[in-house]
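Student: I would like to go through this model with you, beginning with the overall picture and then turning to the side chains. Could we start once it is on the screen?
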Amino acid sequence: MLERSASPPDNGRTHSAVTLQSQADARSELIGTAPTDDETNRKNMALLIQLRWTAVVGQIVTIGGVHVWLGIPLPLTRMGAVIGALIFLNISSLVWVRHRAAITNNELLVALMLDVAALTAQLYLSGGATNPFTSLFLLQVTLGAVLLDGRSTWSLVALTCASFVWLTVAYRPLDLPPNPLSETYTLTVAGMLLGFVLNAVLLVVFVTRINRNLRERDAHLAALRQHAAEQDHIVRMGLLASGAAHELGTPLASLSVILGDWRRMPDLAADQELAEDLEEMETSLQRCKSIVTGILVSAGEARGEGSSPTTVAAFVTALVEEWRDARSARTLYFVNTFGEDVAIVSDVALKQVIFNVLDNAYEVSRDWVELVAGREGDHLVLSISDRGPGFAPEMLAQLGKPYQSSKGRAGGGLGLFLVVNVVRKLGGSVTAENHRKRGATVRLTLPLATLAIGGSFDA
């Protein structure tokens with residue numbers, strides 16, 4: 001259920017400030033622990049592992065083709081040892097990533113440096129700087145520029161430059177077969193072309209996928225910021241509602257006392273028509289006091305008030321009857337398809353959420369509103385349908401977003417924003433859809449484990 005902190009009813013503003021601070025702390029914790037950069041780094045490390053497998057296959061094919069097809073002898077044992085080391089590194093990386101809670105920038109840097117070292121070793125054994133595949137150093141630098149921070153990127157640039165310079169003076173020369181100069185030149189150009197194509201293809205494939213990971217991270221951060229803004233909006237409205245409820249408490253209590261005194265006056269009690277008016281006024285006054293109490297309970301200022309053990313069927317049935325009586329509406333049709341009943345806690349905030357949806361539906365469809373209580377697995381599903389004009393497409397696309405109210409149109413507005421956020425705090429979700437001809441349905445899906453007494457229920 002929604003967490004509430006106890007506070008004396010006569011200290012509403014102090015409690016509101018505490019509530020504001022606690023909700024702000026919760027938002028900070030949510031943003032601080034969200035899987036943003038860590039999750040993105042994990043995905044990028046997986047891409048580097050895939051790239052390394054590509055390098056293993058490419059090296060095996062290239063070495064085999066040069067040694068067998070072109071007849072250029074290569075130190076197969078030592079080059080095979082480098083490939084074996086890459087395979088061992090990849091298998092170790094796969095196991096390491098599974099048991100690693102977070103992947104840091106430095107660990108990505110080490111992975112790229114190991115790839116540069118493996119490439120340097122293979123180039124050393126196959127001609128050094130004269131090998132046309134030295135262009136693959138640019139692939140590592142480009143990946144570093146995309147994946148790493150500025151300092152790490154320059155470290156990788158320094159390593160690749162140092163490796164290239166070292167390969168110009170220290171390498172194992174290729175034992176090229178005797179060929180005319182023109183054929184040797186053609187062989188070199190062909191190697192450069194192959195290296196260029198390989199570089200271009202790998203860059204497009206892997207940089208595109210890395211950018212997709214970064215876009216997903218940015219979208220996730222944007223969603224977190226939007227959620228934080230919505231929470232701020234809820235806090236502000238909660239403070240306003242709580243303050244208004246406290247301010248209304250005193251005049252409502254005074255009115256209650258005055259009406260009670262009037263009803264005991266003989267002259268007024270003798271007038272039957274006036275007595276009926278006084279009774280109706282007292283009923284409306286009690287309704288106002290009940291609303292104010294509900295606001296305070298929902299704000300967490302009267303812990304436990306209005307919450308009691310019940311069942312799904314009893315909770316929804318009582319809710320329907322209360323809504324009908326309060327609004328003198330008999331056009332609400334209730335259908336219970338939940339099945340075997342489950343014990344839950346009656347919560348004022350949840351009841352107010354359902355009231356909001358029913359009120360919206362009733363405003364646009366006075367002659368027919370339907371509430372269906374059903375069950376989908378371990379979830380309670382409440383569907384409220386009407387025969388009104390339905391939701392505008394832009395409202396459906398921004399369901400539950402603040403400042404998306406359709407002013408001037410009955411049955412929509414800020415209430416739906418509050419509904420979505422309260423249900424989301426309960427671990428549920430809210431969806432809405434328009435009917436094909438006329439009307440709309442709002443579905444509230446709530447986990448029974450959250451509503452059940454003690455946080456568990458019998459399936």
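Student: How many helices and strands does the secondary structure of the chain come to?
Tutor: Please keep in mind that this is a predicted model. Its secondary structure comprises 14 helices and seven strands.

Student: What share of the residues counts as buried?
Tutor: Of the 459 residues in the chain, 38% count as buried. The chain exposes about 24700 Å², and carbon and sulfur atoms supply 61% of that area.

Student: And what share of the contacts with a separation of 6 or more comes from residues 24 or more positions apart?
Tutor: Such residues account for 76% of those contacts in the chain.

Student: Let us turn to aromatic residues. How many aromatic pairs are found in the whole structure?
Tutor: The search finds three aromatic pairs. One of them joins Phe-137 and Phe-164 in an edge-to-face arrangement, with 6.5 Å from centre to centre and 65° between the planes. This pair links distant parts of the chain: Phe-137 belongs to helix α5 (residues 136-147) and Phe-164 to helix α6 (residues 150-169), 27 residues apart.

Student: Is Phe-137 buried or exposed?
Tutor: Phe-137 counts as buried because its relative accessibility is 5%, below the 20% limit for that class. Phe-164, at 34%, counts as partly exposed.

Student: What about Trp-323 and Tyr-362, how are they arranged?
Tutor: They form an edge-to-face aromatic pair, with centres 5.4 Å apart and an angle of 90° between the planes. Trp-323 lies in helix α10 (residues 312-327) and Tyr-362 in helix α11 (residues 348-364), so the pair ties together parts that are 39 residues apart in sequence. Both Trp-323 and Tyr-362 are buried.

Student: Which residue has its charged end over the ring of Trp-368?
Tutor: That is Arg-387, whose charged end sits 4.2 Å from the centre of the ring.

Student: Now to charges. How many salt bridges are there?
Tutor: The count comes to five salt bridges. As background, side chains of opposite charge can pair when their charged atoms come close.

Student: Which residue does Arg-52 meet in a salt bridge?
Tutor: The partner of Arg-52 is Asp-115, at 2.7 Å from N to O.

Student: Where in the chain are Arg-324 and Glu-321?
Tutor: Both are in helix α10, and because they are three residues apart there, about one helical turn separates them. Arg-324 is buried, with a relative accessible area of 16%, whereas Glu-321 counts as partly exposed at 36% relative accessibility.

Student: One more. What do the side chains of Arg-330 and Asp-325 form?
Tutor: They meet in a salt bridge, with 3.0 Å from N to O.

Student: Why does Arg-330 count as exposed?
Tutor: Arg-330 counts as exposed because its relative accessibility is 54%, and that class begins over 50%. Asp-325 has 48% relative accessibility and therefore counts as partly exposed.

Key. Residues are numbered from 1 along each chain as its sequence is written. This is a predicted model: local features need pLDDT of at least 70, side-chain atom pairs count only at pLDDT 80 or more; totals for chains, interfaces and linings use all residues. Side-chain values use heavy atoms; hydrogens and water are left out. Helices (H or I, at least four residues) and strands (E, at least two) are DSSP runs, numbered from the N terminus. Buried means under 20% relative accessible area, exposed over 50%, partly exposed in between (1.4 Å probe, protein chains only). Contact means heavy atoms within 4.5 Å. Accessible areas come from the Shrake-Rupley method with a 1.4 Å probe; for residues, only the protein chains shown count as cover. Rings of Phe, Tyr and Trp (its six-membered ring) pair if their centres lie within 6.5 Å; planes under 30 degrees apart count as stacked, over 60 as edge-to-face and the rest as tilted. A charge sits over a ring if NZ of Lys or CZ of Arg is within 6 Å of the ring centre and within 35 degrees of the ring normal. A salt bridge is a side-chain nitrogen of Lys or Arg within 4 Å of a carboxyl oxygen of Asp or Glu.
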